Amino acid sequence: MSNVTFFSGENVPLEMHKVRMVQKINLLPIEERLACMKEAGFNTFLLKNRAVFLDMLTDSGVNAMSENQYAAMMQADDSYAGSETFFRLEATLQDIFGMKHFLPAHQGRACENIIAKVFVTPGSTAIMNYHFTTTKAHIHLMGGKVEEVIGDEGFKIDSTEPFKGNLDINKLNNAIERIGVENICFVRIEAGTNLVGGQPVSMQNVREVSHICRREGITLVYDASLLADNLYFIKVREAAYADVDIKAITREIGELTDIIYFSARKLGAARGGGILTSNDEMFNKMREMIPLYEGFLTYGGMSVREMEAMNVGLQETMDINVISQTPIFVKAFADELQARGVPVVTPSGGLGCHIDAQRFCSHIPQTQYRAGALAAAVFIASGVRGMERGTMSEQRNDDGTERLSEVELLRLAIPKRVFTLSQIKYAADRIAWLYENRELIGGLEFDEEPKVLRFFFGRLKATSDWAEKLAAKFRKDFGESL
Ligand SMILES: Cc1ncc(COP(=O)(O)O)c(C=O)c1O
């Protein structure tokens, strides 16, 4: 990574790129932000983007692309079958991961659908560090179960553990013994563990898990959607890899696992996705599903332009100056919030800054969605759109009771190379104000609650007139300011 020290001694997340195309954004007055939040059923997914100032909902498909990615899109070879674009992309993936076969799919969850259809049988269990929403939903749809074996540190909000996404090896061994190898469909490692705060998995952990899976004859699946951030953390936090090339680390992951899949909306800063394996039998089984659910084998639901952008984006992911940008901005954001007393996940991970809604909104019952209420309040106070990652993102138990999440987080995603430092400072400043006024935030309850993935399009209402009171306090404190 480029080593740039400031004379002032200040730790500044310096951008190693320049901005050459911009999009105008608007900050609406608080009264309009409040009206928009109510219209969206207190669900940030249902906000219209025109109401949003800084969109920190996700990095998915909204990362800034490089000039070379745009240039590559112009040379796309448009063909249903056998396009040159596909072969270029396949060659890059084979080179980066050292795996033999590539199956294209239109995004990450499409890969999960195919993997679940091929490997998950009713009653079988997928063991993993931690679930991702769509992963779990696909496993459940096939009648499978999910067993999580993330280390205890993974759930600790304040920690100094550098790899909080690691699987706990004891828990893994115990789970295998208890469940029985024959009842395990696969073990899954999620890089940059999304739902616990974008926390990385070490290479040593991947090696240990791989060793166990090979010994037991269990398929090892690696979700590489958040690999870019994870690669950065391996490089800077795992001493044995400080001098190892990013590509060599990526290849080692390929050698240690049986199947790698990814969302290219994240990895490669493009759109689309794909599955890789060197195992002929697994490849043949999964291949049958691609034309059925995705499209022909040389496009898999993607446009050729998306594939060209992905091809270049993946190559650029091997550059530490490219992949360091999100983690250093996340750290700057988290440091600023922490300095102002706001509880955040530490050490900061990739993907985005994660605020601990459990503590921020400890006065709200967990069944009234602490993180969801905080997401709504942050939008009202700032026009910044974040995403609830807590109980609302869970599905109810079969008996209709709430499955309370271990962690209640508000995720403020930092799409790659999109925001400036002053925008981050603005967001942190408004959140610090909100923290001082946190008692004004109240709970939420569902008005319309979908059965599956309810957080995406469920509609909620406030349990009192707290949102109006919050807006009134803002006016009092900020005067005419937006
Ligand atoms: C770890 C992880 N896996 C899978 C997915 C699903 O990918 P997609 O949104 O492209 O369907 C995501 C998306 O956020 C993710 O973060």
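**Close-up views of a predicted protein model**

**View 1. The largest nonpolar core.** The largest nonpolar core holds 142 residues, and Leu-374 and Ile-380 have the most contacts inside it. A nonpolar core is a set of buried Ala, Val, Leu, Ile, Met, Phe, Trp, Tyr and Cys residues joined through C-beta atoms within 7 Å. Buried means that 20 or more other C-beta atoms lie within 10 Å of the residue's own, with C-beta atoms placed from the backbone. Helix α16 (residues 370-382) gives this core its largest share, 10 residues. Helices are DSSP runs (H or I, at least four residues), numbered from the N terminus. Domain 1 (30-59 + 322-478) and domain 2 (67-318) each supply at least three residues to this core. The domain bounds come from an automatic or database domain assignment.

This is a predicted model: local features need pLDDT of at least 70, side-chain atom pairs count only at pLDDT 80 or more, and totals for chains, interfaces and linings use all residues. Residues are numbered from 1 along each chain as its sequence is written.

**View 2. Around Ile-380.** Leaving aside neighbours within four places in sequence, Ile-380 is in contact with Ile-30, Arg-33, Leu-34, Met-37, Ala-467, Leu-470 and Ala-471. Contact means C-beta atoms, placed from the backbone, within 7 Å.

**View 3. Around the ligand.** The ligand has 14 residues around it; Gln-107, Gly-108, Arg-109, Ser-225 and Ser-263 come nearest. A residue counts as near if its C-beta atom, placed from the backbone, lies within 6 Å. The shell has 8 polar, 4 charged and 2 nonpolar residues. Here Ala, Val, Leu, Ile, Met, Phe, Trp, Tyr, Cys and Pro count as nonpolar, Asp, Glu, Lys and Arg as charged, and the others, Gly among them, as polar.

Methods. A residue is buried if 20 or more other C-beta atoms lie within 10 Å of its own, exposed if 12 or fewer, and partly exposed in between; C-beta atoms are placed from the backbone. Helices (H or I, at least four residues) and strands (E, at least two) are DSSP runs, numbered from the N terminus. Two residues are in contact if their C-beta atoms, placed from the backbone, lie within 7 Å.
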